[in-house]
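The following report describes a single protein chain for a reader new to it. Please view the sequence and structure before reading on.

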Amino acid sequence: MDPTGADAREVSTVTYSDERAPDPRVTQLQAELAAASDPVAHLRDLMLDHIDTVAGRYAGRIESWDVVNEPLAFTSGALDASNPYFQLLGEDYIADAFRAARAVDPSARLFLNEVGTERIPDKFG
């Protein structure tokens, strides 16, 4: 899809890291949500604006996107209860993220990225 003819895959438009992989952006997000008058609306707006900005910038030039990254709990197939997207937006955040990515880049292949599915049988549910 890019001018050189190479296929490109972009990772994670919606991601969250927890205590296993500390990330200063998580601390910033938590502080921002705590200060927001409506944390649910604020997080939804942040997520959708980020998808629109990132996927929109590269629409038509990226073959595939990892739209949602690591939404499952580490050792099970359940959604990660510590994930602020799940806590505030519910399980629909995943479908919302995919709909937003599809609207911005209709030709891209869209993926949910989840670690350990080949090694942790419970993640296959």
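Tyrosine 85 and tyrosine 93 are both buried, a term that stands for under 20% relative accessible area, with exposed for over 50% and partly exposed in between (1.4 Å probe, protein chains only). The model is predicted: local features need pLDDT of at least 70, side-chain atom pairs count only at pLDDT 80 or more, and totals for chains, interfaces and linings use all residues. Residues are numbered from 1 along each chain as its sequence is written, and side-chain values use heavy atoms, without hydrogens and water.

One aromatic pair is counted. The ring centres of tyrosine 85 and tyrosine 93 lie 5.6 Å apart with planes at 25°, so the pair is stacked (Phe, Tyr and Trp rings, the last by its six-membered ring, pair with centres within 6.5 Å; planes under 30 degrees apart are stacked, over 60 edge-to-face, the rest tilted).

Tyr93 is also one of the buried residues of helix α4. These buried residues fall within an arc of 165° seen down the axis, so they line one face of α4 (the arc is that of directions from the helix axis to the C-beta atoms). The face turned away from the buried side carries exposed Arg99 and Ala103.

| Element | Residues |
|---|---|
| α2 | residues 39–58 |
| β2 | residues 64–69 |
| α3 | residues 84–89 |
| β3 | residues 109–113 |

Definitions and conventions
Helix = DSSP H or I, 4+ residues; strand = E, 2+ residues; numbered from the N terminus. Contact = heavy atoms within 4.5 Å.
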